[in-house]
Amino acid sequence: MAQKRPIIHVQDIRKVYRMGEEEVVALNRINLKIYKGEVCCIFGTSGSGKSTLLNQLAGMEKPTSGRVLIQGRNISAMSEEELAAFRQRNIGFIFQSYNLLPSMTAVENVAMPLMFRGVGKEIRERQARVLLERVGLSHRMDHYPGQMSGGQQQRAGIARAFVTRPQVVFADEPTGNLDSRTTEEIMKMIMGFARKYRETIILVTHDPGMARFADRIVTLKDGNIIGDERKDEDGRYE
Ligand code: ADP
Ligand code: MG
């Protein structure tokens, strides 16, 4: 791959949690460059540091040392307010537990990130409907989350993550609550958006079946990167 400026540049980050007397080194020393349009899977067993890494990349937590640049901007130095605004403008999230608001319909949930960007109600709901159609939920637009299956809720979650056309979409175990058939559907859908919009996607999973959908697999163990493979033209990892 032509090596231009990375969209995400992780420089020597380390994350240590203090638990009373004890220190937990969740990330030892991580260096990573992720490029525009890459679908990158962060893979590893439970406790290897995947969620911690994702939280540092998305600016949900600050690293103990080192820094994370997104499009050349040092998010590790931003204040909470700057970060919140930066996330709203540049980042989409897909959650394991969907995190749809129960009192809002599918359309209202998907339209919400556009509200934070100051888009008027009519336009944002029209865009939300386009996205919901694209994830195959035309017949569930006005349903509430409690009236939808897990797979349907996650499709709405995907529509919500992409509706703003963010720079980067982060997903932590997005199929962790779904059966294997639905997992496959959801992964194909995420990959479809990645290709269509040339989106950069960072995906966390412990499931090898899910990891194989990605262009690149970064493997973590005990807070270190122990593998970093990209798919070649034949779809093999090298
Ligand atoms: P994974 O997502 O790969 O399962 P995590 O990133 O959640 O792993 O956790 C990595 C390590 O850091 C684990 O040992 C975990 O117990 C520890 N850890 C994670 N978050 C915290 C926290 N807030 N406080 C203390 N220890 C934590
Ligand atoms: Mg985790």
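So, which side chain has an N or O atom 2.9 Å from an oxygen atom of ligand 1? It's Lys50. Before I go on, keep in mind that this is a predicted model.

Let's stay with the ligand for a bit. Gly47 comes in with a polar backbone atom, 2.7 Å from an oxygen atom of ligand 1. Ser51 uses its side chain instead: a polar atom there lies 2.9 Å from an oxygen of ligand 1. On its own, ligand 1 has 550 Å² of accessible area, and the protein covers 62% of that.

Who else is around? The residues around the ligand include Tyr17, Met19, Val24 and Thr52. Sorted by class, the shell has seven polar residues, four nonpolar and one charged. Strands S1 (8-19) and S2 (22-34) and helix H1 (50-57) each supply at least two shell residues, and H1 gives the most, with three.

Okay, on to the aromatics. There are four aromatic pairs in the structure. Take Phe162 and Phe193: their ring centres are 4.6 Å apart and the planes sit at 10°, so this pair counts as stacked. Phe162 is in helix H5 and Phe193 in helix H6, 31 residues apart, so the pair links distant parts of the chain. Both are buried, Phe162 at 0% relative accessibility and Phe193 at 4%.

Phe193 also pairs with Tyr197, with centres 5.7 Å apart and planes at 45°, so that one is tilted. Those two are four residues apart in H6, about one helical turn. Tyr197 is buried as well, at 13%, and Arg165 lies over the face of its ring, 4.0 Å from the centre.

Last one: Phe93, Phe95 and Phe170 form one aromatic cluster.

Notes. Residues are numbered from 1 along each chain as its sequence is written. Chains are lettered from A and ligands numbered from 1 in the order in which they are written. This is a predicted model: local features need pLDDT of at least 70, side-chain atom pairs count only at pLDDT 80 or more; totals for chains, interfaces and linings use all residues. Side-chain values use heavy atoms; hydrogens and water are left out. A residue is near a molecule or strand if one of its heavy atoms lies within 4 Å of it. A polar contact is a pair of N or O atoms within 3.5 Å; within protein, one must be able to donate a hydrogen and the other to accept it, and residues adjacent in sequence count only if both atoms are side-chain atoms. Accessible areas come from the Shrake-Rupley method with a 1.4 Å probe; for residues, only the protein chains shown count as cover. Ala, Val, Leu, Ile, Met, Phe, Trp, Tyr, Cys and Pro count as nonpolar, Asp, Glu, Lys and Arg as charged, and the others, Gly among them, as polar. Rings of Phe, Tyr and Trp (its six-membered ring) pair if their centres lie within 6.5 Å; planes under 30 degrees apart count as stacked, over 60 as edge-to-face and the rest as tilted. Buried means under 20% relative accessible area, exposed over 50%, partly exposed in between (1.4 Å probe, protein chains only). A charge sits over a ring if NZ of Lys or CZ of Arg is within 6 Å of the ring centre and within 35 degrees of the ring normal.
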